[in-house]
Every structure is written in C-alpha cells, then in structure tokens.
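Please open the model in your viewer and keep the sequence panel at hand.

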Amino acid sequence: MTRAEEFEELRPLLFSIAYRILGSVSEAEDAVQETWLRYEAFPAQPASAKGFLAATVSRIAIDVLRSARVRREEYAGQWFPEPLLTDPYEDPERSAELADSVSMAALLLLERLSPLERAVFVLREVFGFGFGEVASAVGRSEAACRQLAVRARRHMDAGRARFEADRRERQALAERFFDAFREGDVDGLRELLAADVRMVGDSGGKAPLWGDGVFGAENVARVLASIVAPFVRIGGVVESREMNGQPGAIFRDRDGRVVNTLALDILDGQVQTIRAVINPDKLGHLGPVADAWAVVREANQARRRPMTGENSHEPPAGGRPTPERPGAGNRSGEV
C-alpha cells in the first residue's frame, strides 16, 4: 500500500486514541491531521506503520493536552468532553474496553490523570499496545510506563461505579426514560431516576444553563417535564441517539439545528447522572448549531401563551427567569 492508503486504513484507530487522550473531537481531528503531515514528511519507511503512527498521534495529543489543561482550569462552569456519536474504530477482541473507555463518565475520570498517565492508560489498557510500544510513544522507559499504568489503573478503578448495566437492559430503560420525557410524565420519570440523581451541564458560559445543576429525583423529574412541552410547541425535536457509547439524545430546533445533547449514566436499573453539553463550541461537529438563547426565549414565550387556563402560569424551565441576553446571567432553563 502507499503511505496514504496505510494512513487511511489506520485513521479510525488514530482518531480513537487521540479522542480518549484529549476528550475533544476537534482537537483529535487536528492531531490526526498533524500525524499525517509528519508521516508524509518522514524520510524512511517505519518498520511498523501502525506503531509509528500510534506513537506520533499520542505524542501530539500529550502536547495538546498539556496546554489544554490550563484552559480547562479556567473554564466557566463544569467541563465535559465533546459528545461523540460513533467511535470509528472497532476491535471485537477489545470491544468491552473500547465501549467503556469512551463514555462520559470514563473520560471525566481520565481527566484526573496526568497527560502521561492518561496516554499510557489509553494505549495499554484500552488498545492493548505492548509496553515497548507504549514506552516508544511517550518517551519513557518500559519500567516507568509500567509504574504509570499501575497508578492510572488505580485512579480509574477507584472512581468506577460498582454496578455495570447490561447493554440491552440499559437501552430498554433509556427508551422508557425518553418516552416519559417526551410526554412530560413526571411520575414516569421519577420511577426511572435514582434518588440522588444529578442533572448537570456544560455551557462554557456561552449558553443557558440551570445554575450548578439539578439534584434529586423529584427536582430532576419536574425540571425535565417542564422543559419538554414548550420546546416541542416551538417545533423542537428530541432525537434519541447513542452518545459516547451510552444512551442519549440530541435536541434540535425546528430547522434541525443542534441545541444541546444529553447523555445518561444508567447503573443498577436507574438513571444515575444526566449530562448535557450546551456549549455551542462543542456541538459544531454534529451539524449546524442553534442559538440556544433564542430557543429558550421562544420556548418561554410559548410557555406563557395559554393552552388552557391552568397552563397559562407555568414557571420558566428550571423554575428560574430566563435572561434576555447572554450577559444577563447563566441561570435559565436549558432546553
């Protein structure tokens, strides 16, 4: 094969490595492109194209992550990974590791690791590279990489949930959840939520959000039910989609533009965490992005237009007034 053909064959693997190290679709794509430029310019033919390219994309991703961590420390509100609809790399022998490592929960655990620990964990534990290959990729000795792997595994194991949901059971529960959500069924939602469920979001200070989050089954069920009716009234659509290997959804406005995403953590037969990504900077790879502030204003206006006498005085989503402009605050209900 030509170099270009070799690279294209390995592109899904390279993207999957970079995304897990960086938690960003756009940064992972940039890292893969930079890897191609270095491969194209490399004067000799590597003994292993896969080893060379995996090492190159890992080094690039480590460098990008080091600078990105400074920005994330100054990030407005909670930082979540960019949502990923489909992992392009498949390996039947490592399907469990691949699926687990791309979830929002796992990627947030990876944020606790140093860049080197994160790269070693991804290459060794997720993709099964040998320690010799890992050492070449991160520029450390094999002994040092073994120590990094032990530390990374310890951190990851300490943060993992105790119960793993069967994939079919999880999907069935998610379908019930989104059916109840679309119907605004508070009782139906409450039954599916853990007592201490959390609903949290990442707006980056650039989109409406429910403060620091909504907590507890009763509160989350009522906020979810209050969101959906006015959103649907203005032509919004809740499109069920797998998000980072977990059940989730994309919210679209009447023109099909992306408003936000939801991802569900389902364990022990209940929804434990609901994570929303509303930051428009993190949604562009999913399609044209809506003006979430405008959507919220229109939804709240629809809410105030009486359908029946008893519905004419519903509070704004999340129970808080919605700012009329971005500078007015960041406490409105997210749709």
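What is the order of the six strands in the open sheet? The order is S2-S1-S6-S5-S4-S3, with mixed pairing; strands (E, at least two residues) and helices (H or I, at least four) are DSSP runs numbered from the N terminus, and two strands pair if DSSP finds at least two bridges between them. This is a predicted model, in which local features need pLDDT of at least 70 and side-chain atom pairs count only at pLDDT 80 or more, while totals for chains, interfaces and linings use all residues. Residues are numbered from 1 along each chain as its sequence is written, and side-chain values use heavy atoms, without hydrogens and water.

Select S2 (214-215) and S3 (237-243), the edge strands, each of which pairs on one side only. Glu239 stands opposite Ile250 in S4.

Now select Arg167, found in helix H9 (residues 167-183). Arg167 is partly exposed, with a relative accessible area of 46% (buried is under 20%, exposed over 50%, partly exposed in between; 1.4 Å probe, protein chains only). Leaving aside neighbours within four places in sequence, Arg167 is in contact (heavy atoms within 4.5 Å) with Glu242 and Gly245.

Finally, move to helix H7 (residues 131-138), whose buried residues are Phe131, Val134, Ala135, Ala137 and Val138. These cover an arc of only 160° around the axis, which puts them on the same side of H7; the arc is that of the directions from the helix axis to the C-beta atoms. After H7 comes Gly139, whose phi is positive, near 70°.
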